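Here is a short briefing to read alongside the model. Take a look at the chain first, and then we can walk through it by topic.

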Amino acid sequence: MVTSNVVSELIQKSAPDLLTLTMPAFQKGEETKQNKITFKNILQQAESKLEKRGKKPEEVADALKEAKSLLDQPLFWAHQQSGLVVYIEDGSVQTFSLPYRVPEQVYLHDHFLVTPLLPMLSLEGTFGILALSRKSLRLLHCTRVDATDITPPGISRSEDQYLEVTPEKQLQFHTGAEGKQAQFFWHGSGGEDRKVITEQYFREVEKGVTELMNSIGEPLVLVGLDENLAMYRSFQRYSRTMEKSVTANPDDMDDRTLMDAGFEKIKEYFLKDLYKALRVFSERSDANFSNNMSEIVKAAFDGRANSIFLCTDEQHYGRVDAETGEVQFAHEPGDEDIDLMNWLAMQGFKTGCGVFMLSKDEMPNRASIAAEFRY
């Protein structure tokens, strides 16, 4: 799982021959066969880069042995998402499967390429959505770009299924409020009795959902009609259930629509630092703001950058003077040139700067880079 701690640990790594391999991947169908072919080609590129560094054949083989062993692991390839990042240090391998595509690339330097992981921090991980419905109940595990049905197998997915699985619920003894006579209700009975059946069903749902969500520990967004939401909230116990709900009939929504609606409710909770930084950037336009790469690199070098915004769709190569922080750009990057966006991300983490990786459409002024300075 990608977290700020994971990225920080990768940034701290320093050695002469650190390898970062990135590639797009396919999740379904015949196209998944292409994943291993692409990875094999990337490994060949890595071999060539190591050989150009003067590595002996046996040293190259040792460095890539564990990475090559991934080709013989069917389960590894069966669980890929849309992108794959592989970090190699002294032959040891660390892999990350990502819910978005990354370009095919081999990066060999004295540091790792961490920018492929940063959108996961900007998206800020995952959350749950409970589509609270009497007809088609679902519990989804979501990122900003993907949704997976994780409804516990022990939960009935509809009220009718609940009654079929436990027929005794159709004729149930129900004790009313204190001082009132006990009464019976059954499937197909009046509206008040039906509410009691629905409440029993939702209580059973709540037990399974709360147990699973407690083990996951992520925020949960509820989607449903007002009456169902009010009933469920009256007895739900999961502490990270969001106050904001999506008031709609989830029966009319597919998983992706639910995911998008849920993200709209939760994004400011997840991305509060990002949205605050974007608001500050949009409201001011003085000397403490810039979209000039040279100015931003120098500010980051001096520790003056407060927030840095990087575009996911662009790369810029060159060198940063270790004494002055001045940038020398490279139109055709050589082996010694570094990814400047990656350098900025690393420097930002090291100096406590907010680093946000966004698509072009989300970037301030649609620039490839932007920053707010502390002074």
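How many helices and strands does the secondary structure of the chain come to? The answer is twelve helices and 18 strands, where helices (H or I, at least four residues) and strands (E, at least two) are DSSP runs numbered from the N terminus. Please keep in mind that this is a predicted model, in which local features need pLDDT of at least 70 and side-chain atom pairs count only at pLDDT 80 or more, while totals for chains, interfaces and linings use all residues. Residues are numbered from 1 along each chain as its sequence is written, and side-chain values use heavy atoms, with hydrogens and water left out.

**Overall picture**

- Of the 375 residues in the chain, 48% count as buried; buried means under 20% relative accessible area, exposed over 50%, and partly exposed in between (1.4 Å probe, protein chains only).
- The accessible surface of the chain comes to about 19300 Å², with 47% of it belonging to carbon and sulfur atoms; these areas come from the Shrake-Rupley method with a 1.4 Å probe.
- Among contacts (heavy atoms within 4.5 Å) between residues at least 6 apart in sequence, 65% join residues at least 24 apart.

**Nonpolar cores**

- The largest nonpolar core has 45 residues, and those with the most contacts inside it are Leu-98, Leu-117, Leu-310 and Leu-344; such a core is a set of buried Ala, Val, Leu, Ile, Met, Phe, Trp, Tyr and Cys residues joined through side-chain atoms within 4.5 Å.
- Helix α12 (residues 340–350) supplies the largest share of this core, six residues.
- Apart from this core lies another, of 21 residues, among them Ile-42, Leu-43, Val-86 and Leu-108.
- Beyond its neighbours within four places in sequence, Leu-310 is in contact with residues including Met-341, Leu-344, Phe-356 and Ile-369.

- The structure holds nine aromatic pairs; rings of Phe, Tyr and Trp (its six-membered ring) pair if their centres lie within 6.5 Å, with planes under 30 degrees apart counted as stacked, over 60 as edge-to-face and the rest as tilted.
- Phe-39 and Trp-77 form a tilted pair, 5.4 Å centre to centre with 55° between the planes.
- This pair links distant parts of the chain, with Phe-39 in helix α2 and Trp-77 in helix α4 (residues 74–78), 38 residues apart.
- Both Phe-39 and Trp-77 are buried, and together with Phe-76 they form one aromatic cluster.
- Asn-35 also lies in helix α2 (residues 33–52), and it counts as buried because its relative accessibility is 1%.
- Leaving out residues up to four places away in sequence, Asn-35 touches several residues, including Phe-26, Trp-77 and Gln-80.

**Salt bridges**

- There are 18 salt bridges in the structure, each a side-chain nitrogen of Lys or Arg within 4 Å of a carboxyl oxygen of Asp or Glu.
- One of them joins Asp-17 and Arg-53, whose closest N and O atoms are 2.7 Å apart.
- Asp-17 lies in the loop between α1 (4–12) and β1 (18–24) and Arg-53 in the loop between α2 and α3 (57–69), so this bridge ties together parts that are 36 residues apart in sequence.
- Asp-17 is partly exposed at 22% relative accessibility, and Arg-53 is partly exposed at 32%.
- Asp-337 and Arg-319 meet in another salt bridge (3.2 Å, N to O); here Asp-337 counts as buried at 9% relative accessibility, whereas Arg-319 is partly exposed at 43%.
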